[in-house]
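Please read these notes beside the model.

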Amino acid sequence: SSMSSNSTADNLCAPDDTLCIIREHQQAVIIVPTLLLFATLVTLLALFLLRYCPERKQTRVTRNGHRRHLQGIDAPPGLNALEHEELPMSIQQVQQNVRPTLAALPQMSTERQHGAFSQVTTLPLPFSIKPDDTVTLYRARMDNKDVILRVLKATSSEKQHFLGFASFVSGLGPHPFIPALLGVVSVQSPLMMVVEELQHRDLLGFLWRCRQSSCDMTEKRIFTMAGQVASALDYLHSQSCIHGNVGARSVLVGGDLTAKLWGLGSTYRKRTPGEVEDMELRKWQAPEVLARRGVSRSSDVWSFGMLLYEMVTLGDPPFAELTPTELLQYLQRGKHLSRPTTCSNSLYAIIRSCCHWNPQQRLSMSDLIRKLQAGEKSANGRTVLRVSEPLHIERYLREAGYGETYNYAVL
């Protein structure tokens, strides 16, 4: 055929007409190879798609199924986790037909599975002093309730402490002014404690917001909230527990302004052999604690006096003009907290009664509760406390003594 084609071209074109000869041969020389090359590329593309598309599709289905199972437990991208966690949590699949139990916990704490939570987001603190490398906090929904997930993100060496603390909190039993432990995830990673969420979070941040007129704090409200915290503290003492870290940072505030005592990590460490106690903030500690003579119920009462001072000043630290190392000598000279301008004589008398140098002269918990109840009945419930000076975080940290210790942890 090649020869016939050549002869045809020779017949149609003059021997010296090169343009005519090229035009006659273009189909065989140019178009056909181009079509063959295009067909080869299409075939290779089809083979590539057949080879790789099923795997991509399968991967996408598996990931979506994983997220659907977790119902949002992965930290959403773009949110800053409390302890600066950068990677989403990795959670193993749950065997739905297994009924897990936790022998160490009383039956009041229901074992939970990860699928029980929805609408999970990270929970940042107002400010971070020192990142906690073992626990991350998340806000979530469970059984139509707002809850806080206290999630262990560390290695297995912390599991015993984490579950021991959960067992301790559960063993305290329910109390109206202690946040409720609603469940524990203990048979799969990551381990979690599920605690009720209180809308306004820590009392210290709530007091600071009151400076900006976003809430109305009256002296009557102080007596009410302080009475609730005192009730919880008295209950802890009845369970042979010393709190050891009473302060506005350790109190949580609900949407109805109910105050509940938390910050129980120090309480657990003080009761558990082998646990290393953190150095608590000295500005809130009684003189005998500063002198390393140990904590007691009366040292909790001293710290409660500091809490009352924080409340009436809308979040000022006690003894702001002193450094922590100067405080013990200052108290040894018979000095004491001065009365804030926003504090009534009756409330200041209770603060002074909580803060006697001699522990035996301080109010008992029963007397303290009785005085708070009496003060609530007669206190001014109309005049809203105002502090004109704005909050400066850096100055607060310095005056509160955070340079020597790190223990700002709501949960």
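1. Terms first. Buried means under 20% relative accessible area, exposed over 50%, and partly exposed in between (1.4 Å probe, protein chains only). This is a predicted model: local features need pLDDT of at least 70, side-chain atom pairs count only at pLDDT 80 or more, and totals for chains, interfaces and linings use all residues. Residues are numbered from 1 along each chain as its sequence is written, and side-chain values use heavy atoms, with hydrogens and water left out.

2. Leu-50 is exposed, at a relative accessible area of 65%. Leu-50 belongs to helix α2 (residues 18-70); helices (H or I, at least four residues) and strands (E, at least two) are DSSP runs, numbered from the N terminus.

3. The model has an open sheet of 5 strands, ordered β1-β2-β3-β5-β4, with antiparallel pairing. Two strands pair if DSSP finds at least two bridges between them. β1 (118-122) and β4 (181-185) stand at the edges with a single partner strand each, so one side of each has no neighbour in the sheet.

4. Look next at β3 (residues 145-152). Of its 8 residues, 6 are buried, so the strand is largely enclosed by the rest of the structure. Antiparallel to β3 runs β2 (residues 135-142), joined to it by 8 bridges. Met-142 has Lys-145 as its bridge partner in β3. β2 and β3 form a hairpin with 2 residues between them. In that turn, Asp-143 has a positive phi of about 50°.

5. β5 (residues 192-196) also runs antiparallel to β3, with 5 bridges joining the two. Val-147 has Glu-196 as its bridge partner in β5.
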